[in-house]
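The points can be checked against the coordinates.

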Amino acid sequence: MNTLKLSLAAMVASVAFAGAAAARDQIQIAGSSTVLPYASIVAEAFGENTDFATPVVESGGSGAGRKKLCEGVDENTIDIANSSSRIKQSDIDACAKNGVKEIQEVRIGYDGIVFASDINGPEFAFTPADWHMALAAKVVKDGQLVDNPYKKWNEIRADLPDQEILAFIPGTKHGTREVFDEKVIIDGCKEDGALEALKAANGGDEKAAEKACMALRTDGVSVDIDGDYTETLARIDANKNAIGVFGLSFYQNNTDKLRVATMSGVMPSVETIAKGEYPVSRPLYFYVKNAHLDVIPGLQEYIEFFVSDEMAGPDGPLAAYGLVSDPELAKTQAAVKARTPMGALN
């Protein structure tokens, strides 16, 4: 009896959603500010080249977008979450708890995270260790773990510019921050020897040591930016000595204002990311709520359109804007066509 009631309730909810969603003819998308320009290009082209309404694309950050995706299954929840970092198992669990049972993971290509300063400033050649030593709350100096004493970049390494350390980095809700922490701060912590010192200080606990690696100084040298890259650019315009963290495509569209640094001797570019040479690159994704596919007009068509060769291929408009085309794009196209849901991550 209880099973029958639940089944009937589910059917009623499904019919109610189908009826209400038919009135919403625009796909709703939110999430990563890094993916935003690519999704906006696709949405505009989709509206112009099909009979469907142009999707509504909003920002807000990768984590916020995934959270919105997992709020439930109905016309008041979004259809797609853009993300510059991979979904977490905690997101998948939150989705399942709210009735979002099947999610598609769609990898659209690759992007790089770059470090750029005012166009008229000096050139920088960074390593991850430089960034950890500049921003970490605790660093190793003279063999001891100490509170970070560094004020200028050339105090960290003599061949870096004689310039005060001031960094504008993505806030914790951004997918870019997750990659920055992993591929710059933690890798830098390993390079400069701090990880081993922190591990010893935490009784050999490597996870605790990595967490300690990511603890950044709070004296105003490291500044979280919760807005998008335009806010970071504005901060650099007002603080000419600052270094900002950006997506490659944003930098490429602002080369008249920004000077980009090398990382571990490699200049960031589409070519160096495609070859796997630039060390701070990451895949970009969007996540689709499968329960909405047959209810929201054009949703399946939009997804297929996004990952088509014409849009996401190496000669498409997304590549022209800075997206590094995925060498396994055909595999993604097949998965999208089959509506293949992702499984558990652990």
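Where is the place of Asp326?

1. Asp326 sits in the loop between α15 (317–321) and α16 (329–337). Helices here are DSSP runs (H or I, at least four residues), numbered from the N terminus. This is a predicted model, in which local features need pLDDT of at least 70 and side-chain atom pairs count only at pLDDT 80 or more. Residues are numbered from 1 along each chain, and side-chain values use heavy atoms, without hydrogens and water.

2. Asp326 counts as buried because its relative accessibility is 4% (buried means under 20% relative accessible area, with a 1.4 Å probe and protein chains only). Residues touched by Asp326 are Arg107, Gly109, Tyr110 and Thr332, leaving out those up to four places away in sequence (contact means heavy atoms within 4.5 Å).

3. The side chains of Asp326 and Arg107 make a polar contact at 2.6 Å (a pair of N or O atoms within 3.5 Å, one able to donate a hydrogen and the other to accept it). A polar atom of the Asp326 side chain also lies 2.8 Å from the backbone nitrogen of Glu328.

4. The axes of α8 (residues 194–201) and α9 (residues 206–213) come within 8 Å and cross at roughly 125° (axes are lines fitted to C-alpha atoms over the stretch in contact, with angles from 0 to 180 degrees between N-to-C directions).

5. From α8, Leu195, Leu198 and Lys199 meet Glu206, Ala209, Glu210, Ala212 and Cys213 of α9. By class, this contact has five nonpolar, no polar and three charged residues (Ala, Leu and Cys are among those that count as nonpolar, Glu and Lys among the charged).

Notes
Helix = DSSP H or I, 4+ residues; strand = E, 2+ residues; numbered from the N terminus. Buried < 20%, exposed > 50% of the residue type's maximum accessible area, 1.4 Å probe, protein only.
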